[in-house]
Amino acid sequence: MRFTEKLYQSTRRSWALSLHHPFVLGIVSGELPLETFRYYVLQDIYYLKHYGKVHAMAAAQADDFHVTSMLAEKAKLTAEAELTVHQEHAKILGITAEEMTQFKPAPTAYAYTSHLYRAALSGSLGETVAAMLPCYWLYADIGKTYQDAKPQQTIYQNWIQTYASEWFQTSTQEQIDLLDRLAEEASDKEREKMMEQFAIAKEYELAFWEMAYTHETWLSTKFSLRKS
């Protein structure tokens with residue numbers, strides 16, 4: 001069994017919950033309120049900007065220059081492609097440039113990107129790639145699983161087809177193959193760390209759906225001060 005297959009099996013419950021989360025099913029059916037998707041788009045634009053930076057950090061960690069080149073290219077293409085889609089969504093959803101400039105992330109979006117930076121700053125290339133992979137893999141799986149869905153909202157059709165596209169599926173497979181190669185060269189202890197980084201990131205992917213679905217906010221904006 002390939003290392004990435006073990007990762008998938010070890011997170012299969014979280015994976016199933018992610019594939020069938022009400023947020024995802026709402027997109028597939030077209031019934032998700034646009035205001036909820038709008039909230040998600042803002043959070044994901046924030047996430048992708050940092051995701052691109054972590055790709056660049058991974059590129060710097062690589063000893064093999066071909067891997068450096070691939071990851072640097074992905075830092076550019078992945079971020080540009082997905083941000084372009086979200087910018088198109090932003091126009092449809094009425095998200096202004098000022099709103100994006102002043103945007104502050106929800107706790108889960110902030111924590112997830114912080115996890116990626118921690119993997120990149122404290123670990124090996126294998127740990128960084130392991131932390132980045134769930135984002136690729138889950139979205140590719142959603143695209144493949146629901147590629148025949150026909151939600152009436154065009155914005156939801158575009159979102160699904162982005163991740164069902166041959167380009168995104170190929171890009172994801174490249175990341176899976178890279179992690180398998182890195183795992184072959186790693187020690188048992190290093191592979192354990194890679195598994196941990198992957199598992200935590202996968203939990204954050206599930207938490208990201210829940211964050212968007214519930215319009216998560218910081219607690220200080222949710223509760224009023226109690227009178228003594």
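How many salt bridges does the count come to by the rule used here? I took the rule as a side-chain nitrogen of Lys or Arg within 4 Å of a carboxyl oxygen of Asp or Glu, and the count comes to 4 salt bridges.

**Ground rules**

I am working from a predicted model, in which local features need pLDDT of at least 70, side-chain atom pairs count only at pLDDT 80 or more, and totals for chains, interfaces and linings use all residues. I number residues from 1 along each chain as its sequence is written, and side-chain values use heavy atoms, with hydrogens and water left out. For helices I use DSSP runs (H or I, at least four residues; strands are E, at least two), numbered from the N terminus. For burial I call a residue buried under 20% relative accessible area, exposed over 50% and partly exposed in between (1.4 Å probe, protein chains only).

**Salt bridges**

I started with arginine 2 and aspartate 180, whose side chains meet in a salt bridge at 2.3 Å, N to O. Arginine 2 sits in the segment before α1 (3–10) and aspartate 180 in helix α10 (residues 166–185), so I noted a link between distant parts of the chain, 178 residues apart. I looked up the cover on both partners: arginine 2 is partly exposed at 36% relative accessible area, while aspartate 180 is buried at 7%. I also found Asp177 here, linked with Arg2 and Asp180 in a network of salt bridges.

Next I looked up arginine 38, which forms a salt bridge with glutamate 99, with 2.8 Å between the closest N and O atoms. Arginine 38 lies in helix α4 and glutamate 99 in helix α6 (residues 97–101), so this pair ties together parts that are 61 residues apart in sequence. I have arginine 38 down as buried at 14% relative accessibility and glutamate 99 as partly exposed at 25%.

I then went to aspartate 188 and arginine 191, a salt bridge with its closest N and O atoms 2.4 Å apart. Both residues lie in helix α11, 3 residues apart, about one turn of the helix. Aspartate 188 is exposed, with 54% relative accessible area, and arginine 191 is partly exposed at 23%.

**Aromatic pairs**

I get 28 aromatic pairs in the structure, taking rings of Phe, Tyr and Trp (its six-membered ring) with centres within 6.5 Å; planes under 30 degrees apart count as stacked, over 60 as edge-to-face and the rest as tilted. Tryptophan 137 lies in helix α8 (residues 125–145) and phenylalanine 198 in helix α11 (residues 188–214), so the pair ties together parts 61 residues apart in sequence. I find both buried: tryptophan 137 at 15% relative accessibility and phenylalanine 198 at 0%.

**C-alpha distances**

I checked tyrosine 204, also in helix α11, and found it partly exposed at 25% relative accessible area.

I checked leucine 179 in helix α10, which is buried at 0% relative accessibility. Leucine 179 and methionine 194 are 15 residues apart in sequence, with 9.1 Å from C-alpha to C-alpha.

I checked alanine 59 in helix α4, buried at 5% relative accessible area. Between alanine 59 and alanine 72 I have 5.6 Å, C-alpha to C-alpha, over 13 residues of sequence.

**Loops and surface**

Where is histidine 215 found? I place histidine 215 in the loop between α11 and α12 (219–222). Most residues other than glycine have a negative phi. I noted a positive phi of about 55° for histidine 215, which is not a glycine. Histidine 215 is partly exposed at 28% relative accessible area.

Last, I looked up a patch of negative charge on the surface, where Asp63, Asp64, Glu184 and Glu185 gather. For patches I use residues with over 30% relative accessible area and no salt bridge, joining like charges within 9 Å and nonpolar side chains (Val, Leu, Ile, Met, Phe, Trp, Tyr) within 5 Å. Aspartate 63 is in the loop between α4 (34–61) and α5 (65–93), and I have aspartate 63 as exposed at 82% relative accessible area.

Definitions and conventions
Areas by Shrake-Rupley, 256 points an atom, 1.4 Å probe, with all protein chains shown as cover. Lys, Arg positive; Asp, Glu negative; His and termini not counted. Charge placed at Lys NZ, Arg CZ, Asp CG, Glu CD.
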